[in-house]
Amino acid sequence: MTQYELYSLIGRYAVENMLPLATVDSDSFRALVNKIPRKVGVSPPCRKTLSYNIDTEYDKMSVSLRKEIDELEYVSTTADIWTANNKSYLGVSAHWIDPKTVERKGAALACRGFKGRHTHDSIATELDNIYSSHGISHKITSTV
């Protein structure tokens with residue numbers, strides 16, 4: 001296993017499981033990664049390297065998700081707004097049935113800071129922005 005392959009896998013693992021950058025500093029994580037057979041001189045990434053790899057993996061996963069969603073006819077979404085430490089956030093996820101395997105699938109579309117009052121108009125505007133950026137505005141059957 002090359003260093004690039006290791007870093008890509010760790011980046012993907014962190015993105016899919018929404019793990020903090022501090023994951024790579026954990027003694028148990030480093031012990032686990034050090035057991036993976038690989039070329040001599042390849043070591044687990046530091047936080048800075050993981051941050052770069054997360055951005056790279058995010059970009060790859062976004063392209064892959066966009067391709068998958070483009071092939072769909074219908075998508076449902078869920079949205080949630082919450083406040084923590086006097087800051088508001090909006091999280092949105094998409095859900096669909098894979099037409100080939102008939103399996104349920106889903107993906108997180110956004111987790112953004114939400115400014116202003118939580119009115120119908122401001123929530124609808126932000127949801128529309130998120131849906132438009134993913135090209136699904138015309139495919140949504142419902143939002144919960």
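1. Largest pocket, lining. In this predicted model, 26 residues line the largest pocket. Val15, Met61, Leu65, Ala107 and Ala108 are the lining residues that lie nearest its centre. The volume of the largest pocket is about 990 Å³.

2. Where the lining comes from. Three elements each give at least two residues to the lining of the largest pocket: H1, helix H3 (47-70) and strand S3 (104-113). H3 supplies the largest share, with nine residues.

3. Sorted by residue type, the lining of the largest pocket holds 14 nonpolar residues, five polar ones and seven charged ones.

4. Val24. This residue sits in the loop that runs between helix H1 (3-16) and helix H2 (27-34). Is Val24 buried or exposed? Its relative accessibility is 1%, so Val24 counts as buried, the cut-off for that class being under 20%. Beyond its neighbours within four places in sequence, Val24 is in contact with Ile10, Phe29, Arg30, Pro45, Cys46, Arg47 and Leu50. As for spacing, Val24 and Thr2 are separated by 22 residues in sequence, and their C-alpha atoms are 18 Å apart in space.

5. His134. The loop between helix H4 (120-133) and strand S4 (140-143) contains His134. With a relative accessible area of 17%, His134 is buried, because buried means under 20%. The side chain of His134 makes a polar contact, at 3.2 Å, with the side chain of Ser133. Apart from neighbours within four places in sequence, the residues in contact with His134 are Arg66, Ile69 and Leu109.

6. Cysteines. A disulfide is a covalent bond between the sulfur atoms of two cysteines. How many disulfides does the count give? The count comes to zero disulfides, the rule being a pair of cysteine sulfur atoms within 2.5 Å. Cys46, one of the residues in contact with Val24, is partly exposed, with a relative accessible area of 37%. Cys111 has a relative accessible area of 56% and is therefore exposed, as the cut-off for exposed is over 50%.

Definitions and conventions. Residues are numbered from 1 along each chain as its sequence is written. This is a predicted model: local features need pLDDT of at least 70, side-chain atom pairs count only at pLDDT 80 or more; totals for chains, interfaces and linings use all residues. Side-chain values use heavy atoms; hydrogens and water are left out. Buried means under 20% relative accessible area, exposed over 50%, partly exposed in between (1.4 Å probe, protein chains only). Helices (H or I, at least four residues) and strands (E, at least two) are DSSP runs, numbered from the N terminus. A polar contact is a pair of N or O atoms within 3.5 Å; within protein, one must be able to donate a hydrogen and the other to accept it, and residues adjacent in sequence count only if both atoms are side-chain atoms. Contact means heavy atoms within 4.5 Å. On a 1 Å grid over the protein atoms alone, a cavity is a set of points where a 1.4 Å probe fits but cannot get out, and a pocket is an open set with protein on both sides within 12 Å along at least five of seven lines; lining residues have an atom within 4 Å of a point. Grid points are joined across faces, edges and corners, and a volume is the space filled by probe spheres set on the points. Ala, Val, Leu, Ile, Met, Phe, Trp, Tyr, Cys and Pro count as nonpolar, Asp, Glu, Lys and Arg as charged, and the others, Gly among them, as polar.
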